[in-house]
Amino acid sequence: MLRRLVVAIVVIVMAAPLIAGEKSRSQLISELFIDIDQADEMIVYSEGFRREFVVYRSSNRNDFDQLKSAIALKREGGPFVCACMDGPEIALLKNKKEIAAVWNHEGTAIGSSVWKGDWETSDPERWLRWFDARGMKSAREFFNEMQSEYRKATVDERRWLEAMPSGLKPLWADARKQYQAPTQFPDLKPLNAALERQYPATDDRIRALMAWFGSGAGPWSGFPGYEEIAAKLLRQYPTPELIKAVEGRPLTDQEVEGAARILGSWTPAPDLTPIPIDLRRTLLEHCLKSPDQDKVERAKQAFSPNG
């Protein structure tokens with residue numbers, strides 16, 4: 001389920017809306033309902049890509065009628081194409097031949113072979129109840145996981161914005177628009193100019209960036225892409241300057257996290273400046289408290305006394 005969740009979070013950004021008006025919406029729903037009425041059997045598969053596992057099968061007309069009642073599409077928008085691993089998928093058969101398919105997209109949209117893609121549902125609860133009533137719990141569970149991820153992402157981004165140096169806040173919206181991972185980054189010149197005005201001293205500027213970089217979602221790998229903008233700003237400074245800004249002074253938890261993250265997850269080649277032993281110890285002790293095993297292993301490799 002976790003692998004499926006990660007795939008969905010990544011590819012949903014790639015979803016491409018298609019144009020469909022209100023008339024098309026009504027016509028397409030009518031076409032699907034005709035197929036549902038004509039079908040004499042439904043086979044529900046756990047996923048739509050390979051159809052390896054059948055999770056439900058029925059010829060009960062009540063199942064078909066309630067399926068129609070569960071389908072409600074938003075008036076605005078239209079179908080969109082997404083490479084997500086949708087499921088469950090309902091194959092509609094007539095005389096053992098498939099005539100149409102309907103599938104679940106994260107509990108928030110309904111896909112169909114009739115409208116060639118996924119379409120946001122206006123009533124996710126009604127849609128999910130159809131699966132719940134037939135013992136297919138995966139649709140609800142995945143929906144709940146996704147909603148939890150969305151809520152966490154909202155909290156993470158709010159914290160990120162609050163930690164951002166105030167001089168960058170007026171420029172952030174444009175920077176986000178310019179950022180197109182993994183190849184296109186915003187112009188750093190106006191960001192650097194704003195930082196220099198707010199923090200004329202280089203050490204102060206670096207620590208402010210480290211505190212910001214240390215206020216992200218948490219992971220050092222698989223983090224929200226917008227965090228890479230802070231990393232790009234920090235990577236402009238040679239390692240000796242990064243070390244000088246934090247060595248031998250009290251640091252906040254966010255500054256320590258940002259310093260560990262930039263020094264532990266990236267080495268500016270060909271600059272192989274060693275990290276002083278006391279700073280290594282501080283960064284390692286901080287990282288060992290994390291429940292994130294990937295971060296712990298990266299820190300051990302970067303900051304161990306014999307590293």
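User: Is tyrosine 226 buried or exposed, by its relative accessibility?

Analyst: The model is a predicted one, and the values that follow are computed from it. Buried means under 20% relative accessible area. Tyrosine 226 has a relative accessibility of 8%, and therefore it counts as buried.

User: Which parts of the chain does the pair of tryptophan 160 and tyrosine 226 tie together?

Analyst: The ring centres of tryptophan 160 and tyrosine 226 are 5.7 Å apart and their planes stand at 55°, so the pair is tilted. The two residues are 66 residues apart in sequence, so the pair ties together helix H5, where tryptophan 160 lies, and the loop between H8 and H9, where tyrosine 226 lies.

User: Which residues form one aromatic cluster with Trp160?

Analyst: Trp160 is itself buried, at 0% relative accessibility. The search of the whole structure finds 7 aromatic pairs, and the cluster that contains Trp160 also takes in Trp172, Trp212 and Tyr226.

User: Which residues of H6 make the contact with H5?

Analyst: By class, the contact of H5 with H6 has 3 nonpolar, no polar and 4 charged residues. On the H5 side it is made by Glu157, Trp160, Leu161 and Glu162, and on the H6 side by Lys169, Trp172 and Arg176.

User: Is helix H11 mostly covered, or mostly uncovered?

Analyst: The buried residues of H11 include Glu255, Val256 and Arg261, and they pack against helices H8, H9, H10, H12 and H13. With 10 of its 13 residues buried, H11 is mostly covered.

User: At roughly what angle do the axes of H11 and H13 cross?

Analyst: H11 and H13 are roughly perpendicular to each other. Their contact is made by residues including Leu263 of H11 and Phe303 of H13. The axes come within 9 Å, and the crossing angle is roughly 70°.

User: Which residues is arginine 25 in contact with, leaving aside its neighbours within four places in sequence?

Analyst: Arginine 25 lies in helix H2 (residues 22-38) and is buried, with a relative accessible area of 12%. Apart from those neighbours in sequence, arginine 25 is in contact with Leu73, Lys74, Arg75 and Trp119.

Key:
Residues numbered from 1 in each chain as written. Predicted model: local features only at pLDDT ≥ 70, side-chain atom pairs only at ≥ 80, totals over all residues. Heavy atoms only, no water. Helix = DSSP H or I, 4+ residues; strand = E, 2+ residues; numbered from the N terminus. Buried < 20%, exposed > 50% of the residue type's maximum accessible area, 1.4 Å probe, protein only. Contact = heavy atoms within 4.5 Å. Axes fitted to C-alpha atoms, helices over the stretch in contact; angles between N-to-C directions. Parallel < 35°, antiparallel > 145°, perpendicular 65-115°, else oblique. Nonpolar A, V, L, I, M, F, W, Y, C, P; charged D, E, K, R; others polar. Phe/Tyr/Trp six-rings, centres within 6.5 Å; stacked < 30°, edge-to-face > 60°.
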